[in-house]
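The selections below are to be made in order.

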Amino acid sequence: MPERLLEEYWFGRTSAEEATAIEEHLSHCPDCLERWRKTQDEIQFLQEMLRAAECPFLERRNEERLPVSGRIRLRILRDSGRAIAVAAELRDESRSGVGLFSRKPLHAGYSVQLQKGRLTLRGVVRYCRPEYGGYKIGIELSAA
Ligand SMILES: [Zn+2]
């Protein structure tokens, strides 16, 4: 059975007749069954890679993302005790994190403090990737 057909079957693009024929064939052909399992693993792995690449932090958690915007005060907390202020804009947030836009890059792993109005939060930079005109930064929030 051609590999191509197995892929089409996985993505549900085969007709009902084709699907029945494939299932029938798989039930008595160990070679194709083995290839089918490999194809399944490869496709699943690829899908996970794609998901991870697209949004390493926020979307993986399947949480509702609220569209929010506005300026936010962001400070990088250094071990020396010195805090560096960075201008940032709030892009979106979930229960455990926020997405920001910044003109300057922030390294993953940086401890940061966020301030919006009277609310002060602590967090860690989870990712930073170039976006038009600056950087999209994902921050995982921790208890303040
Ligand atoms: Zn076969």
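The tour goes from the whole chain to the nonpolar core and then to the strand pairs.

This is a predicted model, in which local features need pLDDT of at least 70 and side-chain atom pairs count only at pLDDT 80 or more, while totals for chains, interfaces and linings use all residues. Residues are numbered from 1 along each chain as its sequence is written.

Begin with a cartoon of the chain, which has three helices and seven strands (DSSP runs numbered from the N terminus: H or I of at least four residues for helices, E of at least two for strands). Along the sequence the pattern reads α-α-α-β-β-β-β-β-β-β. Of the 144 residues, 14% are buried, that is, 20 or more other C-beta atoms lie within 10 Å of a residue's own, with C-beta atoms placed from the backbone.

Next, select Ile-72, Leu-74, Ala-88, Val-98, Leu-100, Leu-106, Val-112, Leu-114, Val-125, Ile-137 and Ile-139, the largest nonpolar core (buried Ala, Val, Leu, Ile, Met, Phe, Trp, Tyr and Cys residues joined through C-beta atoms within 7 Å). Strands S2 (71–77), S4 (97–102), S5 (111–116) and S7 (134–142) each supply at least two residues of this core.

Now display S7 with its partners; strands pair if DSSP finds at least two bridges between them. S4 and S7 are antiparallel over six bridges, and Gly-97 stands opposite Glu-140 in S7. Strand S6 (residues 119–131) also pairs with S7 in the antiparallel sense, over nine bridges; here Val-125 has Ile-139 as its bridge partner.

Finally, centre on the hairpin of S6 and S7, where two residues lie between the strands and Gly-133 in the turn has a positive phi of about 80°.

Methods. A residue is buried if 20 or more other C-beta atoms lie within 10 Å of its own, exposed if 12 or fewer, and partly exposed in between; C-beta atoms are placed from the backbone.
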